[in-house]
Amino acid sequence: MASLILQDILKRPTFAEAKVVAGHNGLNRRVRWVHILEVSEFDTLINGEEMILATGIHFQSSSASPARYLEKLIRLNASCLCLELGYYFHTIPDDLIQIANRHDFPLIVFPNDIRFVDITQDLHSVLINKHFQILKNLEALSRELHRLSLEPNGTNKILKMLYHKTHSPILYLPFKDQPSVFPKMEPEKETELIQFLKDKRTAPGMETSEHRSARYWPFQNQYILLQPVSAMGQTWAHIGMILKQKPTRYEFLILDWTSLAIAQDLLRKRYMEERRLHSENVWVDDLLHNRLDESQIHHHLGADFYGLNHKKSFVCLIEWLPRAETKQERREVEEYLQYDFPIIIRAIFEQHHFYPLITRSNQKIAIIAFDLESDFSWKSRVSKLLKQLKKQSGFLFKAGVGQRYNGFASISQSYQEARQVLDLNARQSSEFTFYDELGVFQLIMNLKDKDQQLKNFIHQHLGPVIEHDQKRNSHLLYTLKVYLDHNGSKKAAADHLYIARQSLYYRLEKLQELLGDGFLTTENQLTLQTALKACQLIYPELLTSRGENTKK
């Protein structure tokens, strides 16, 4: 982790007689260790950023050329090569000097005899002491970060402390609030810098799991190291550091620990805010059930009321599926659903440009979402956020989404539509998400409360088939549904039912016998399809998919 700059090393007493003969532009390279290397095959012997000491003895006992040796050092990211002139090297070959200059790779010579052990002992002691000091600094930094994360306005205090400790400009880019820079810069430069980082962090692929770690980029002869601030599977902000050289492991660790401290501070505030919202948002349930007038809604939302009243809104209803759990696991799940899950929901909805109001009742969470973009991609964004929510929460749940309306006026209507989606999904095998995908089910679901009327309609048009199936344990009703679903294609219907086409002909003849000769006219098909949809809702067990190989 600890390193020295080559030009500083050249000032040490052991390098008093050393001369740089090539690669002068590379004297700002870092040196992490010193290695004596007198072999020609060393691919696995160095890790990079080492100072290499050599006399050239191996060139006398092998066929390796000095040029290939130097090129391999450059390829393996060594910091420099120090050669002792004398018995094996009297002068440095011109081809070595050309290679070193071409790659800005410092080539250093000792014109007189020197003990390599003195160099290694001197530099290793400095590096080890520096490494020990870095560990002490990190330990002190960790304690300070922990202390500040528990104080009021902790994030700002952490950022200022980090600037004073590192003497490097610090940037903070939250997704919701305004960016901060310590110390302040000229407005034009600050705007350019922040825009550069915003473009980088929103680049395609930056939010994938493999990119949720620190990255750096060159910027105006400097380097910017950017670290995400993440918690509960969400990235809440980014913290950056401006460096004069490429970042070392030390800077990566500093930003990593700092991001954890800021995440703790943000998460603590989120929990406090969620507890406050949990108590305040009891009124959201009244809004869902149309028990509030405009003045009462205004009272609860304050200044936000006017902005939201001109936005499109819809209700998303989430119902998580029960699973076998111990008493302790049920308590943990209950706490998670009460505090953690709403935080995740709120963050994901905000990430997709929705303003959420959340309330919970038993196994359901209702979200009134106001679309801050008000464009036509809202369903696509909702589909994406639901997939993201399932992945991050680890819970199995079903979701129903009502239609989008203006402001607060039709929130209760959207809520009823979302409930109908969940109700329908619970009664039949297909799974819908959006109310406007239900088709004829929209009409049927609104008649569900008039249960007897639907039953009468079903038995009027499908009664003979239902009775035949129940007496003979046959599958004519399901056959009729599959045949109509495939637009009267006998081949497709037979394939779906896993039966021979001749068996399908037999069933269709039996259906004609039960329903009458004109049961497949255009008008009758529409009636039968509507009755079958109603049957899915009232008698779902009659239309379950079953593998069949009989001619019943």
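Let's start with glutamate 190: leaving aside neighbours within four places in sequence, it is in contact with Val181, Lys184 and Met185, where contact means heavy atoms within 4.5 Å. Glutamate 190 sits in helix H7, residues 187-201. Helices here are DSSP runs of H or I with at least four residues, strands are runs of E with at least two, and both are numbered from the N terminus. Is glutamate 190 buried or exposed? Glutamate 190 is buried, because its relative accessible area is 12%; buried means under 20%, exposed over 50%, and partly exposed in between, with a 1.4 Å probe and protein chains only.

A quick word on the model. It is a predicted one, so local features need pLDDT of at least 70 and side-chain atom pairs count only at pLDDT 80 or more, while totals for chains, interfaces and linings use all residues. Residues are numbered from 1 along each chain as its sequence is written, and side-chain values use heavy atoms, leaving out hydrogens and water.

Now please find leucine 520, in the loop between helix H19 (501-515) and helix H20 (522-538). Leucine 520 counts as partly exposed because its relative accessibility is 30%. Not counting residues up to four places away in sequence, leucine 520 touches Tyr483, Leu484 and Gln525. Leucine 484 is 36 residues from leucine 520 in sequence, and their C-alpha atoms are 9.1 Å apart in space.

Let's zoom out. The protein chain has 20 helices and 17 strands, and 45% of its 552 residues are buried. Of the contacts in the chain with a separation of 6 or more, 65% join residues 24 or more positions apart.

Last stop, the second largest pocket. A pocket is an open set of points on a 1 Å grid over the protein atoms alone, where a 1.4 Å probe fits, with protein on both sides within 12 Å along at least five of seven lines; lining residues have an atom within 4 Å of a point. Its volume is about 590 Å³, the space filled by probe spheres set on the points, which are joined across faces, edges and corners.

Which residues lie nearest the centre of this pocket? Of its 27 lining residues, those are Leu243, Gln245, Thr248, Tyr250 and Glu251. Among the elements giving two or more residues to this lining are strand S12 (234-243) and helix H8 (249-280). H5 gives the most to the lining, with four residues. Thanks, everyone!
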